[in-house]
Amino acid sequence: MASDKMRAAVSFAKILVALGVGYAIAWVWNDTRAGLDEMWVPYAAGLVSAVMVFVLLSRLNKGSGD
């Protein structure tokens with residue numbers, strides 16, 4: 001069993017990775033399609049992808065035996 005500090009560190013790292021991916025997608029979307037979409041569309045795509053990455057990393061952490 002992992003300690004509480006280790007679980008907290010892993011959760012924090014998952015959040016940072018998810019936010020990094022979401023920011024990267026929003027940045028690329030804004031950079032390549034600047035002015036073609038509404039202002040909120042790239043940020044919504046970044047938020048959705050950040051949530052998806054976080055969920056996938058959480059599922060990966062559980063392992064295939066469960």
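This is a predicted model: local features need pLDDT of at least 70, side-chain atom pairs count only at pLDDT 80 or more; totals for chains, interfaces and linings use all residues.
View 1. One salt bridge is present in the structure. Side chains of opposite charge can pair when their charged atoms come close.

**View 2. Placement of Asp-4 and Arg-7 in helix α1.** The two residues lie three residues apart in α1, which covers residues 4-32, so about one helical turn separates them. An α-helix has 3.6 residues a turn, and residues three or four places apart therefore point the same way. Asp-4 is exposed, at a relative accessible area of 59%, whereas Arg-7 is partly exposed, at 44%.

**View 3. Helix α1 along its length.** The helix contains 29 residues. From its first C-alpha to its last, α1 reaches 42 Å, close to the 42 Å expected at 1.5 Å a residue.

**View 4. Buried positions in α1.** Lys-14, Ala-18, Gly-22 and Ala-26 are buried in this helix. Within the protein chain as a whole, buried residues account for 18% of the 66 residues.

**View 5. The protein chain and its accessible surface.** The chain has two helices and zero strands.

Definitions and conventions
Residues are numbered from 1 along each chain as its sequence is written. Side-chain values use heavy atoms; hydrogens and water are left out. A salt bridge is a side-chain nitrogen of Lys or Arg within 4 Å of a carboxyl oxygen of Asp or Glu. Helices (H or I, at least four residues) and strands (E, at least two) are DSSP runs, numbered from the N terminus. Buried means under 20% relative accessible area, exposed over 50%, partly exposed in between (1.4 Å probe, protein chains only). The expected span of a helix is 1.5 Å times one less than its number of residues. Accessible areas come from the Shrake-Rupley method with a 1.4 Å probe; for residues, only the protein chains shown count as cover.
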